[in-house]
Structure formats: C-alpha cells, structure tokens
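Welcome! Here is a short tour of one protein model, taken topic by topic. Have a look at the sequence and the structure first, then read on.

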Amino acid sequence: MPFIDHLYNNYSLHTKSRTRKHASYPKRFLVPDDKVKWDIAFPEYAPIEFNAPIVLDPNTPWADPQDITKITHPIFSFEGEIKFTENKWPLNPFGRTGICGRGVVGKWGANFAVDGIITTENLSTNQFQVLTITRKDTGEIAFPGGMVDPGESIIETRNRELQEELSLNMADLVNPLYEEIIFKGYADDPRNTDNAWMETTAIHTHIAYEKAQSLKLEAGDDAVGHQWTDITKEAVENFYGTHGYVILKAFYRLIESNPNLVNPKIKEVFLQFFK
Ligand code: RP5
C-alpha cells in the first residue's frame with residue numbers, strides 16, 4: 001500500500017482524535033475502528049463530557065456560550081451537512097472520539113484554522129524540505145498555523161501566524177515558485193471531541209533553496225523552535241495532527257501539477273521513498 005494511503009486510512013478513521021488527547025482531558029472512551037461512524041450502532045458508548053474551565057468562562061472571547069441555543073454564528077463544516085444530537089449539539093463529521101462536550105475547543109462544531117506550508121528542495125541531500133515549528137503544547141513538529149480570527153481572510157491568518165510563530169517577513173514570500181491551497185477539511189487533532197473539532201485550510205508555498213536559506217526566522221507565540229524538516233517517512237509519521245498526510249498530499253500535487261518545477265532527482269527519491 002502506498003504510504004499516503006496508510007496515512008489516509010488513519011486520517012479517515014481519525015485515529016489521533018480517538019487515541020491522543022489534550023493533557024487536561026479525561027481518558028477517552030475506547031472507540032474501535034469499526035465503531036467510529038455514527039450510523040454504526042454502539043449502545044455501550046458512554047463518553048465522559050469534558051469542558052475546560054477556560055471554555056466555560058463567559059469572558060473567554062473565542063469561546064461560545066455553553067448553552068448552544070445562545071450562539072449567534074452559523075454551525076457549518078467543510079465536510080458537508082452536520083448531524084445534531086437531540087439536545088442540538090453538533091456531531092463530529094468523522095465520528096465518535098470517546099469524549100463529548102467541547103474539551104479545550106472554543107466553538108461548538110467546526111473551529112477553523114489555517115496552515116502555512118512553506119517548502120523547498122535541498123539540492124545537497126536530494127530531499128524536499130518543509131519549514132516547521134516545534135509546538136509549545138505537545139512538543140511535536142508541525143506546520144506554522146492557527147485559528148482564523150473574526151473577519152480575517154485565509155491569507156491574512158496565514159500571514160499573521162507566520163509572523164507570530166516565526167517572525168517571518170512577508171516580503172520574503174512574494175513571488176514564490178508556486179502557491180496553491182491544497183487542503184480544506186477536517187483536521188485529525190488530539191483536541192477534537194464528539195461536538196467540537198478542528199478544520200483547516202492549508203496553503204502550500206514552494207520557494208527556491210537559496211531563498212529558504214536566507215529567511216530570518218525566530219520562534220515565538222505557540223512555537224518553541226523552528227527547523228527545515230527533511231521529508232522522510234519517520235518525519236511524516238511523527239508530525240502533529242493531520243500534517244503528515246497533508247504534506248505528502250502537497251508534494252504529490254506539486255509534482256503532478258508542475259512537473260518542470262521539481263528537480264528530477266528529488267522527484268525520483270521522493271516517489272521511491274513513499275511508494
Ligand atoms: C491543527 O491545529 C491545524 O492544522 C492547525 O495547525 C492547528 C491550529 O491550532 P493552534 O496551533 O492555534 O493550537 O489542527
């Protein structure tokens with residue numbers, strides 16, 4: 001099975017949303033692979049409800065009221081129509097997570113983020129590289145990214161996050177070799193619950209190696225470190241959330257849509273490595 005299909009399988013069964021959790025969460029109720037989808041009967045299913053104090057605090061600006069009838073924004077998902085419980089709580093479009101309520105996630109239903117995927121080709125190692133941060137919360141390697149603030153466009157969020165987490169000067173990203181939105185959908189995130197979850201839009205920007213080397217970067221905000229990460233199986237498997245699946249998707253798309261942009265040796269190594 002090609003490696004990306006293995007990552008897609010884990011993604012479609014939202015393995016991380018069932019088996020990982022935020023440090024403050026109670027234990028997730030065990031949801032086997034064949035009981036993930038809501039339309040499969042699972043009468044024993046009894047997840048604990050957990051809502052973090054910060055989410056319940058009426059003064060937290062990014063959190064909805066606990067009483068869902070009081071929210072004023074629409075509840076929608078990139079994944080299509082949302083189902084609701086009898087008490088009007090939205091149901092995770094990918095299925096059961098083993099915890100209900102909102103956990104540390106502010107909004108009922110989908111919570112929208114943006115990820116900035118900045119990549120290059122390392123001609124000395126013949127490998128693709130991606131600019132990553134080390135997350136303060138889990139210590140995992142991740143794309144720089146974050147939540148969309150009210151009124152912000154996707155590109156504004158991406159740029160703000162690159163500045164906050166990496167001090168990137170946005171003038172350095174003008175005229176990249178390639179730029180495309182390559183993903184819009186559910187994010188398999190360890191904070192997800194049955195009723196509140198992350199969705200993301202990922203923008204892939206590919207730049208020349210010399211340009212990548214010249215960027216002045218400094219970790220800040222949610223990032224405690226930054227690095228150019230070589231795209232190896234091990235790196236991809238250990239990325240935060242869905243980022244491993246998304247980075248492979250991004251490189252396959254780049255190779256397919258812009259075959260002349262990619263160094264033939266790097267392409268050969270990549271395809272051989274992930275076949
Ligand atoms: C992930 O959470 C998204 O892909 C995005 O990278 C991130 C946003 O959350 P914070 O980084 O703001 O915690 O699911």
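**Pockets, cores and cavities**

Among the elements around the second largest pocket, α1 gives the most to the lining, with four residues. The model is a predicted one, so local features need pLDDT of at least 70 and side-chain atom pairs count only at pLDDT 80 or more, while totals for chains, interfaces and linings use all residues. Residues are numbered from 1 along each chain as its sequence is written, and side-chain values use heavy atoms, with hydrogens and water left out. Helices (H or I, at least four residues) and strands (E, at least two) are DSSP runs, numbered from the N terminus.

**The second largest pocket**

- A pocket here is an open set of points on a 1 Å grid over the protein atoms alone, with protein on both sides within 12 Å along at least five of seven lines, and lining residues have an atom within 4 Å of a point.
- The volume of the second largest pocket is about 240 Å³, where a volume is the space filled by probe spheres set on the points, and grid points are joined across faces, edges and corners.
- Its lining has 16 residues, and L7, N10, K16, E237 and G241 lie nearest the centre.
- At least two lining residues come from each of α1 (3-12), α2 (15-19), α6 (233-238) and α7 (243-257).
- By class, this lining holds five nonpolar, seven polar and four charged residues; Ala, Val, Leu, Ile, Met, Phe, Trp, Tyr, Cys and Pro count as nonpolar, Asp, Glu, Lys and Arg as charged, and the others, Gly among them, as polar.

**The largest pocket**

- The largest pocket has about 1200 Å³ of volume.
- Around it are 47 lining residues, with F112, G146, M147, V148 and M198 nearest its centre.
- Two or more lining residues come from each of β3 (109-122), β4 (127-135), β6 (145-147), α4 (154-166) and β8 (196-206).
- Strand β3 supplies the largest share of this lining, six residues.
- The lining of the largest pocket is made up of 20 nonpolar, twelve polar and 15 charged residues.

- A nonpolar core is a set of buried Ala, Val, Leu, Ile, Met, Phe, Trp, Tyr and Cys residues joined through side-chain atoms within 4.5 Å; buried means under 20% relative accessible area, exposed over 50%, and partly exposed in between (1.4 Å probe, protein chains only).
- The largest nonpolar core counts 33 residues, and F128, I231, V236, I247 and L248 have the most contacts inside it.
- Elements giving two or more residues to this core are α1, β3, β4, β7 (178-187), β8, α7 and α8 (264-273), and α7 gives the most, with eight.
- Apart from its neighbours within four places in sequence, L248 is in contact (heavy atoms within 4.5 Å) with F3, I4, L7, I231, V236, F270 and F274.
- A second, separate core has 15 residues, including I118, L162, A212 and Y240.
- Buried residues of α7 include H243, G244, Y245, V246, I247 and L248.

**Cavities**

- A cavity is a set of grid points where a 1.4 Å probe fits but cannot get out, and the count comes to two cavities of 30 Å³ or more.
- The largest cavity, of about 50 Å³, is lined by N126, Q127, F128, I231, I266, V269, F270, F273 and F274.
- Helix α8 gives the most to the lining of the largest cavity, with four residues.
- This lining has seven nonpolar, two polar and no charged residues.
- The second largest cavity holds about 30 Å³ of space and is lined by D115, F143, F183, T200, A202, T242, H243 and V246.

**Loop residues**

- H14, in the loop between α1 and α2, has a positive phi of about 30 degrees although it is not a glycine.
- Is H14 buried or exposed? H14 counts as buried because its relative accessibility is 0%.
- N175 sits in the loop between α4 and β7, and its phi is near 55 degrees, a positive value in a residue other than glycine.
- With a relative accessible area of 71%, N175 is exposed.
- V174 is also found in the loop between α4 and β7, and it counts as exposed because its relative accessibility is 51%.
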